[in-house]
Amino acid sequence: MNTSSASTGKLISFEGLDGAGKTTQIELLTRWLDKRGVAYLNTREPGGTPLGVELRHLLFERDELNITPLAEAFLFQADRAQHFSTLVLPALEAGTLVITDRCFDASIAYQGFARNVGPELVAKLSLIATQGHIPDLTILLDLNPEVVSRRIDPANDQSGLRAAPSRFDSESEVFHQRVRQGFRLIARAHPARIKVLEAARTAAEIHREIVGLVEPLL
Ligand code: TYD
């Protein structure tokens, strides 16, 4: 099985509930990397490849398909398999830093825990999809779902953090609590890789902390 040390580039993933501020933090980090002249690939799951764009459409815009939790789990893995084999792994092999907005921990939290497909099964599928590759660093922006629902309600959102609704915006707060608990359990199991950052702070404060985590990897 390949491990992250087998290739020269580093892989950094960002995770958290929808609305936790990933987009803002990725933007701040890429600007910081630009200033330092560090080359990177900024990508995302799902949707980092042309196939992924199609899968994203199926997953997020076709409610009438009534996709089952297990089928949903496989669709995210199909996106990931394509993403890793055509984009992420070649970039890492070329020595490029890869930043991905979500990776397989999202599948474990959303499909494994919250959708009840089972975290162990989803973790196994994820490792097949990534050809055994795991991120070198995962930044988990942790936020109480109560705060998230206030942020993603356009009537209350002054942060500009959420532009469009996603597949899970209409899910109950209980669902989002399960996602959060799932993420926190995965983080507890992998403390060296997954860093939990309190997301209810200013973007600048969180960014400083992220820079402190990323700098040693460069
Ligand atoms: P997206 O619009 O990219 O939003 P966000 O900025 O919140 O990431 O939507 C991605 C959604 O897909 C998000 O709700 C999490 C979900 N997701 C899964 O359920 N499983 C997965 O494996 C991945 C990668 C994402």
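# Close-up views of a predicted model

View 1. Helices (H or I, at least four residues) and strands (E, at least two) are DSSP runs, numbered from the N terminus. This is a predicted model, in which local features need pLDDT of at least 70 and side-chain atom pairs count only at pLDDT 80 or more, while totals for chains, interfaces and linings use all residues. Residues are numbered from 1 along each chain as its sequence is written, and side-chain values use heavy atoms, with hydrogens and water left out. The ligand is surrounded by 16 residues, and the closest are Asp 18, Arg 56, Arg 102, Ser 107 and Gln 111. By type, the shell holds six nonpolar, three polar and seven charged residues. Here Ala, Val, Leu, Ile, Met, Phe, Trp, Tyr, Cys and Pro count as nonpolar, Asp, Glu, Lys and Arg as charged, and the others, Gly among them, as polar.

**View 2. Polar side chains at the ligand.** Asp 18 places a polar side-chain atom 2.4 Å from a ligand oxygen atom. For Lys 22, a polar side-chain atom lies 2.8 Å from an oxygen atom of the ligand. Gln 111 has a polar side-chain atom 2.7 Å from a nitrogen atom of the ligand. Taken alone, the ligand exposes 540 Å², and the protein buries 94% of that. Accessible areas come from the Shrake-Rupley method with a 1.4 Å probe; for residues, only the protein chains shown count as cover. Two or more residues of the shell come from each of α2 (50-61), α3 (69-93) and α4 (104-114).

View 3. Lys 22 sits in helix α1 (residues 22-36). Its relative accessibility is 9%, so Lys 22 counts as buried. Buried means under 20% relative accessible area, exposed over 50%, and partly exposed in between (1.4 Å probe, protein chains only). The side chains of Lys 22 and Asp 101 are joined by a polar contact of 2.6 Å. A polar contact is a pair of N or O atoms within 3.5 Å; within protein, one must be able to donate a hydrogen and the other to accept it, and residues adjacent in sequence count only if both atoms are side-chain atoms. Leaving out residues up to four places away in sequence, Lys 22 touches Phe 14, Glu 15, Gly 16, Asp 101, Arg 102 and Leu 141. Contact means heavy atoms within 4.5 Å.

View 4. Arg 102 is not a glycine, yet its phi is positive, about 85°. The residue lies in the loop between β3 (97-101) and α4. Arg 102 counts as buried because its relative accessibility is 10%.

**View 5. The nonpolar cores.** The largest nonpolar core has 29 residues, of which Tyr 110, Val 179 and Phe 183 touch the most other members. Two or more residues of this core come from each of α2, α3, α4 and α7 (173-189). The largest share, seven residues, is from α3. Apart from this core lies another, of 19 residues, with Phe 14, Ile 26, Leu 29 and Ala 199 among them. A nonpolar core is a set of buried Ala, Val, Leu, Ile, Met, Phe, Trp, Tyr and Cys residues joined through side-chain atoms within 4.5 Å.

**View 6. Tyr 110 and its contacts.** Tyr 110 touches Gly 16, Leu 17, Asp 18, Arg 102, Arg 115, Phe 168, Phe 175, Val 179 and Phe 183, not counting residues up to four places away in sequence.

View 7. A cis peptide bond, with omega about -10°, joins Glu 45 and Pro 46. Pro 46 lies in the loop between β2 (40-44) and α2. Gln 131 occupies the loop between α5 (119-129) and β4 (137-142). Its phi is positive, near 55°, although Gln 131 is a residue other than glycine. At 38% relative accessibility, Gln 131 is partly exposed. Pro 191 is in the loop between α7 and β5 (194-198). With a relative accessible area of 51%, Pro 191 is exposed. Pro 191 and Thr 138 are 53 residues apart in sequence, and 9.8 Å apart in space, C-alpha to C-alpha.

**View 8. The whole protein.** The protein has eight helices and five strands. From the N terminus on, its elements run β-α-β-α-α-β-α-α-β-α-α-β-α. Of its 218 residues, 48% count as buried. The protein exposes about 10400 Å², and carbon and sulfur atoms supply 55% of it.

How values were computed
Near = heavy atom within 4 Å.
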